Amino acid sequence: MAAAARRISSLLTRSSLLLSHGRNARAGSGVSRFSTAAVAEELIVPPVQISYTQHLIDGKFVDAASGKTFPTYDPRTAEVIAHVAEGDKEDIDRAVSAARKAFDEGPWPKMTPYERSRILLRFADLVEKHNDELAALETWNNGKPFEQSAKAEIPMLARLFRYYAGWADKIHGLTVPADGNHHVQTLHEPIGVAGQIIPWNFPLILFAWKVGPALACGNTIVLKTAEQTPLTALYAAKLFHEAGLPPGVLNIVSGFGPTVGAALASHMDVDKLAFTGSTETGKIVLELAARSNLKPVTLELGGKSPFIVCEDADVDKAVELAHFALFFNQGQCCCAGSRTYVHERVYDEFLEKAKARAMRRIVGDPFKQGTEQGPQIDSEQFQKVLRYIKAGIESDATLECGGERFGSKGYFVQPTVFSNVQDDMLIAKDEIFGPVQSILKFKHLDEVIRRANQTHYGLAAGVFTTNIDVANTLSRALRVGTVWVNCFDVFDAAIPFGGYKMSGIGREKGIYSLKNYLQVKAIVTPLRNPAWL
Amino acid sequence: MANHEQQSNGNGEMNQLKIPEIKFTKLFINGEFVDSIKGRNFETVDPRTGEVIATVAEGDKEDVDVAVKAARTAFDQGPWPRMSGFQRARIMEKFADLIEQNNNELAALDCIDAGKLFMMGKLVDIPAGAASLRYYAGAADKIHGEVLKSTRSLHAYTLKEPIGVAGHIIPWNFPTSMFLMKVAPALAAGCTMIVKPAEQTPLSALFYAHLAKQAGVPDGVLNVVTGFGHTAGAAISSHMDIDMVCFTGSTEVGRLIMQAAATSNLKQVSLELGGKSPLIIFDDADLDKAAGLALQGIVHNKGEVCVSSSRVYVQEGIYDEFEKKLVEKAKAWKLGDPFDPNTRQGPQVDKRQFERILSYIDIGMKEGATLLTGGKPWGSKGYYVEPTVFADVKEDMQIVREEIFGPVMSLMKFKTIEEAIERANNSKYGLAAGIVTKDLNVANRVSRSIRAGIIWINCYFEFDLDFPYGGYKMSGFGRDLGLNALHKYLQVKTVATPLYDSPWL
């Protein structure tokens, strides 16, 4: 431990030396923030008001039935920024009943698909118009860099809804060739009331992944946001109603998993459940669905995704991509490339450069221009990440840099790199969900395939090679839902996403996501004297 | 004749709506309005009065060459096929918005140029045109290839790539719908194109070109060459640097286009041609509704529709009563100025068409068919023809075999379902068919038995963006509308490479 601390301080010295030769001033201030003084700098005041904190049920903002609220925080400071209605079973009952009514009687599933698609497009227009407010609110509540929110995530929110708008009027059933004189058709019908539970790491993006296909297919929704990030979905839903969404179609209940989440997952009148979150909670959700009304469930859960750097790699590019694959969004990505396998031939060079890159990472106020990494979401995650770092050190992995809290306030963690990591170490097996990169060495392709697959997760993988045969072999051999070859975290609306093994069930985005929200009805009738079959 | 109201025949108070100033009369090539190289013009005429509305640049072979060069460059080097489908979609959505903003002006242009009902344009054709751009915009980012199952250790997949430069030759009966029916899927696919609108109705196409540019469609992607079929049209269909030609029009011209494609560069061809579509009404039909449907089927857009129900077969049990109802309805049908919202039928598109219809009516009478109603021009000015119904028609008569493209119906009697199917299929055409019955088994059997591209059961003219539409037999090949139309503008490329040590195949 002491050795590790020494190593860190020596690294810090080196990095400040590096920076004094100066790539740019911003980077300089970034590293000086390794001292606690930097966070004491005045934080930027988010340029947005918090206007919506109640549940949204049947088109109206309402208090919780119990009248209770819970605080939501700014992870930069751990200070409370708003009190939000705290839902419970009764609120879920109200929301489900509104959604049920809107589905059974309301205009939504009876509208023409073109009308539904027009409302989704109008919503996308409003998202673009309110880009900066949505982005500011997202960053304020979540801690992710504002530039990431404003330039990537909110535009992606609009993109996702435009994409699904385009599907609404192209959901085709089939005419089916049966053996015999029968006329057979399939109707692809909305499944009904969808319950959706979304996490805090990409609150609006995952709002779109869930809400977009459900609405395009003509369903109604009860959505539970994460208790850490309840604000932006309410704002977006307000815009949705401005765009013409009828009341009751999209209902949002804020609150906690054991109360609101459990009530939704076990509700007898919810026809479908979609959950994104941890594997542990996913198990509970699936069990509640089984015990109640057997609602079909899609799960998008944890991961421990390998990022494989092959021997032919351009090391500089590989380092940058592997760095991005792990550290993006404070490492809070279910598909984070958290096992960096590097071929022994390039290992040493890679390690040195990966470490240097991590030390250059600019940590600080996410509202500040140029910040690459903000705080972790909350105290629980922050503590968890630090515990894993400790476990890594104790398991004799080599701490190359980072390893500690950053600053003295809020939930910032230093970008951390471990080398010498073995497959059986906790940091190589568990999902850490933080800025902790584990670098492992490999020799043969067969070996890395075996090791990469040796996990109960199977969400994603990165492959870095320009050898076409290696790329093709790895792409097929890895038991994961997404393989990124020479790229990572490419998340277009059209690309399906989901997990093998215990990373989940089903796929979101793309044409595949529609299936989650459609029932298939076969209609069969005899054919008398048909001209052909 | 006395049954038809007379007050608004092509003059007098008809112009309740201001006829728009004609802003665009030149060729649209590479993003600019230009004169034809020879400097020639032709006149376009208001069919209500026979008067000239505007003189329009007359494109010819050399103008087509310039337009193709622009489209080629835009395809080979320009941004359009290199944009993501989503980026193209955003521009197409903007184009749709601009169409809606100019709805009145566009509807008025089609009204004065083609004699189409103003309200129909404003409420149906123009909004549906905007909707078709949105529909294909929504498809532009959903063009999926497939990953293939090889019989050996190979990794293979298909790419759906834009076909290149498309030539579109469109008719005058639905200037807006036809323009966007061709242009929207081609834009979504990433193609560049040359459109030749009909010489009778060049005006709205030029206006659309202007709006496309405003929306951000890059120069050279959409070119409009106004002119005639035997010059500009022939130059398109025989051009060595056009990759496909899509034509809507008559079967005779379709044949010429296919020949020109065959003798030039074997460009792909899609043809949507003539029809002589049957409407079969069974004994169990609601008489009043069926008669209404049959009349609509022949007088809609003055019968200038390739899917017009020009052969109406009625089962003998209800024939007499049906005939009575139909004639009553035909006599009450209101002709007049297409700008008048009460008008149900405007003038035929031009003098030639008007005379052709009258000559077919003449032939029908000479062939011995009984004229039940109509049969004459309406009013003293313009190209109006009364809704006309012939009875006692035999299958071998010219009026039953040939496409008249006017409000002239042949009404026939049948006994059995087998007979109806056989007679309905007894045509070189196969574009559409209608069935009126409450019996599920009859509906299903006849739907499958008729050799036509679209079947309407208890409805007619039900087009939708998502419904592919096109012909069997000599009504053409290829489909417009729906996702089928998009795939017309795509090439399929298979990519294969050996696969080593794959854990599965």
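A salt bridge is counted where a side-chain nitrogen of Lys or Arg lies within 4 Å of a carboxyl oxygen of Asp or Glu. The legends below describe a predicted model, in which local features need pLDDT of at least 70 and side-chain atom pairs count only at pLDDT 80 or more, while totals for chains, interfaces and linings use all residues. Residues are numbered from 1 along each chain as its sequence is written, chains are lettered from A and ligands numbered from 1 in the order in which they are written, and side-chain values use heavy atoms, with hydrogens and water left out.

**View 1. A salt-bridge network joins residues of chain A and chain B.**
The network links A:Asp125, A:Glu128, A:Arg162, B:Arg90 and B:Glu93. Within this group, the side chains of B:Arg90 and A:Glu128 form a salt bridge with an N to O distance of 3.1 Å. Across the interface of the two chains, four salt bridges are found, and the count over all chains comes to 62.

**View 2. The interface between chain B and chain A.**
Chain B and chain A each bring 31 residues to the contact, where contact means heavy atoms within 4.5 Å. The size of an interface is often given as the accessible area lost when the parts come together. Here the buried area, defined as the accessible area (1.4 Å probe) that two parts lose on being put together, summed over both, is about 2900 Å², and carbon and sulfur atoms give 53% of it. The interface also holds 13 residue pairs in polar contact, with both residues at pLDDT 80 or more. A polar contact is a pair of N or O atoms within 3.5 Å; within protein, one must be able to donate a hydrogen and the other to accept it, and residues adjacent in sequence count only if both atoms are side-chain atoms. On the side of chain B that touches chain A, the elements giving two or more residues are α2 (85-101), α4 (118-140), β5 (154-162), α14 (440-449) and β21 (490-498) of chain B. Of these, α14(B) gives the most, with six residues. Helices (H or I, at least four residues) and strands (E, at least two) are DSSP runs, numbered from the N terminus. By class, this side of chain B has 13 nonpolar, eight polar and 10 charged residues; Ala, Val, Leu, Ile, Met, Phe, Trp, Tyr, Cys and Pro count as nonpolar, Asp, Glu, Lys and Arg as charged, and the others, Gly among them, as polar.

The side chains of B:Asp141 and A:Arg159 meet in a salt bridge at 2.5 Å, N to O. The pair crosses from the loop between α4 and β5 of chain B, which holds B:Asp141, to helix α6 (residues 146-168) of chain A, which holds A:Arg159. Both B:Asp141 and A:Arg159 are buried, where buried means under 20% relative accessible area, exposed over 50% and partly exposed in between (1.4 Å probe, protein chains only).

In chain A, the side chains of A:Lys521 and A:Glu189 form a salt bridge at 2.9 Å, N to O. A:Lys521 belongs to strand β20 (residues 518-526) and A:Glu189 to strand β6 (residues 182-190), and the two are 332 residues apart. A:Lys521 is partly exposed at 39% relative accessibility, as is A:Glu189 at 25%. In chain B, the side chains of B:Arg48 and B:Asp337 meet in a salt bridge at 3.4 Å, N to O.

**View 3. Surroundings of A:Cys334.**
A:Cys334 is placed in the loop between α11 (315-327) and β13 (339-343) of chain A. This residue is buried, with a relative accessible area of 13%. Beyond its neighbours within four places in sequence, the contacts of A:Cys334 include A:Asn201, A:Glu300, A:Glu431, A:Leu459 and A:Phe497.
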